[in-house]
Amino acid sequence: MSQPVAADVLVRTIQLRKEFPVGTGGLFGRRRLTLKAVDGVTLDIYGGETLGLVGESGSGKSTLGRLLLRLIEPTSGQVFFEGRDLATLSRRRLRQLRRQMQLVFQDPYSSLNPRMKVRAIVAEGIEIHRLARGREKEQRIRDLLDMVGLGPDALDRYPHEFSGGQRQRIGIARALAVNPRFLVLDEPVSALDVSIQAQIINLLQDLQEQLKLTYLFIAHDLRVVRHISQRVAIMYLGKIVELARADEIYSNPRHPYTRVLLSAIPQIHPSMRDERIKPIGETPSAVNPPPGCSFHPRCPYAKDTCKELEPKLTAGLSGHAVACHVFPAP
Amino acid sequence: MRLNLMEAAGLLMVVSLVLAALFAPLIAPHDPVRAVAPTFGNPGPPSAAFPLGTDQLGRDVLSRIIFGARVSLAVGVAAMVVTVAIGVTIGLLAGFFGGSIDFVLMRFTDVMLTLPALLLAMALVAVLRPSLLNILIVIGLVSWTGVARVVRAETLSLAQRDFVVAARTLGAPSGRLIVRHILPNVLPTIVVMGVLGTSGTLLLDAGLSFLGLGVPPPTPSWGRMVEEATTYFRTAPWLALFPGLAIFYAVLAFNLLGYGYLRRRGRSRAPGATI
């Protein structure tokens, strides 16, 4: 099953859903409880762009990233990579396609096998896909390390001998070893010091330019994605609530949740500190999300319709899409 | 790496056992299978010439214990290798593939766990005839369950770790994931379980020998020595005491080494300890 796709759409999802069973509820456990991690996401990612995906912990952004790579099976919905439906591919074809899409992890400590030397870690993808052998392979590993800013002295060392930032570089080299076109960056700098964050973001930008990569950049605050993304999607309880060009999101946020996220960024200048919007209470459970707009219990602007009718993500003329009854797309 | 007291003592004791087994002919004062005392027909008490006494056939008990270390250690260690091989295979498969494979393997493990090991071993040896190889296989067959459960648990948690997900994303097939990513990270646990388990297999071997199902005579084995001594327990208690102490010493040696290591690594309980 193939889907007519505009030439420059690299990854497309249609009504993607992922539910995790979390036990049973109700009398005699007759009601099966599921956590709706990703709840009907329709999204296009264009070739060569960086799409920032922002949401707080538990909003389903990591799950969405893994669904795109088909590391987990969706409950329903489709993922297309270059117009090909991943669900219809055979195991072998899927393995070949795996080369095209890779993942960079948040935690640079658990993402590298502690019992493998850097050489073996970076070589893994080359070996699996038989991309090079012998001297050629060795040279390729050195080139990859050089690309991420590590010297050949790193080759024979173990991950624990490196700092967090260096380990993240090793993880990036491992992902690049198979010449991918699409990288899911799952909070790649969240675990790093602020000074190191900038270095890694610059590295990712350089690599994108050099290798014509497409990024899905997942983050939990808007500050980090600001400089790297062309478009930003805001995710709340498994749904995308706002999607727009990066400058639009920052200059003209529509959805109350986006505004909450924006006002959570610490401002240096005192004059910019006022009109902070605070959400009411805690994130509701994704096991039992509220009816209507899932943000309404926390929204300071909620109307009666918000409690009953679920707002659809609709785009305005400028392409700025919002899912909100109170502040529709401009 | 600094050893703690338990580990150091255990290591020293294990090394002493290994040396005794290796150099038995040099250390033992007498031939273990020949009558060397003139007290034929009656056990002789400990004396200057025979520090641990002599048995009813006039054989030197000390020499027999030293030579007995060979069989006991060899059987204990080899049986542990069989145990670990079975346990690790089942644990890795169950933990990695999960689902129905996990269910079937773990229910089978539960069933095995409910059967008393020594009783099952006796039945199996009786059917298979006691020979060195059969005893190794039987001990392995009745004692792999603990290893399987621990390895499964570790595999389950490792399979979720990011570096395994990363290898999966690179397209690594299951075999490569298990061999290159999971097994090397379970290895430290396997080694500890092997060391601790050796005391168990040693004891099981002694038990089987005591019941007459061990390595056939005249090879001296500690379990059989205790068994033979029961007849003379009132008149010559040292005959049973000294081989019993040897078993105690060997079991203690491996337990000290294993638990000492665990204590140093901050784990008070053995992985999957059932006792």
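# A strand covered on both faces

Begin inside chain A, at strand E3(A), where both faces are covered: Thr50(A), Gly52(A) and Val54(A) on one side, and Leu51(A) and Leu53(A) on the other, are all buried. Here "buried" means that 20 or more other C-beta atoms lie within 10 Å of the residue's own; a residue with 12 or fewer is exposed, one in between is partly exposed, and the C-beta atoms are placed from the backbone. Helices (H or I, at least four residues) and strands (E, at least two) are DSSP runs, numbered from the N terminus.

A word about what you are looking at: this is a predicted model, in which local features need pLDDT of at least 70 and side-chain atom pairs count only at pLDDT 80 or more, while totals for chains, interfaces and linings use all residues. Residues are numbered from 1 along each chain as its sequence is written, and chains are lettered from A and ligands numbered from 1 in the order in which they are written.

Now step back to chain A as a whole. Chain A holds 10 helices and 12 strands, and its C-alpha trace spans about 70 × 50 × 45 Å along its principal axes.

In chain A, eight strands form an open sheet with mixed pairing, in the order E6-E7-E8-E3-E9-E10-E12-E11. Two strands count as paired if DSSP finds at least two bridges between them. At the edges stand strand E6 (101-104) and strand E11 (314-315) of chain A, each with a single partner strand, so one side of each has no neighbour in the sheet.

Which strands does E3(A) pair with? One is strand E8 (residues 214-219) of chain A, which pairs with E3(A) in the parallel sense over five bridges; there, Leu53(A) has Ile218(A) as its bridge partner. Another is E9(A), which runs parallel to E3(A) and is joined to it by four bridges, with Val54(A) opposite Ile234(A). The next pair is antiparallel: strand E9 (residues 231-236) and strand E10 (residues 239-245) of chain A share six bridges. Helix H9 (residues 256-263) of chain A packs on the sheet, touching strand E3 (50-54), E9 and E10 of chain A, and its direction makes about 105 degrees with that of E9(A). Such angles run from 0 to 180 degrees between N-to-C directions, with axes as lines fitted to C-alpha atoms, for helices over the stretch in contact.

Two loop residues deserve a look. Leu237(A), in the loop between E9 and E10 of chain A, has a positive phi of about 45 degrees although it is not a glycine. Arg130(A) is not a glycine either, yet has a positive phi of about 50 degrees; Arg130(A) sits in the loop between H3 and helix H4 (134-147) of chain A. Which of them is buried and which exposed? Leu237(A) counts as buried, with 24 C-beta neighbours inside 10 Å, whereas Arg130(A) is exposed, with 8 other C-beta atoms within 10 Å.

Next comes helix H5 (residues 164-176) of chain A. In H5(A), 10 of the 13 residues are buried, among them Arg167(A), Ile170(A) and Leu176(A). The buried residues of H5(A) pack against E6, H3, H4, strand E7 (182-186) and helix H6 (194-211) of chain A, together with helix H8 (162-169) of chain B.

That brings us to the second chain. Chain B has 11 helices and zero strands, and 45% of its 275 residues are buried. Where the chains meet, 20 residues of chain A are in contact with 14 residues of chain B, contact meaning that C-beta atoms, placed from the backbone, lie within 7 Å. The largest share of chain A's side, three residues, comes from H3(A). Residues on that side divide into seven nonpolar, six polar and seven charged. Ala, Val, Leu, Ile, Met, Phe, Trp, Tyr, Cys and Pro count as nonpolar, Asp, Glu, Lys and Arg as charged, and the others, Gly among them, as polar.

Terms used: Contact = placed C-beta atoms within 7 Å.
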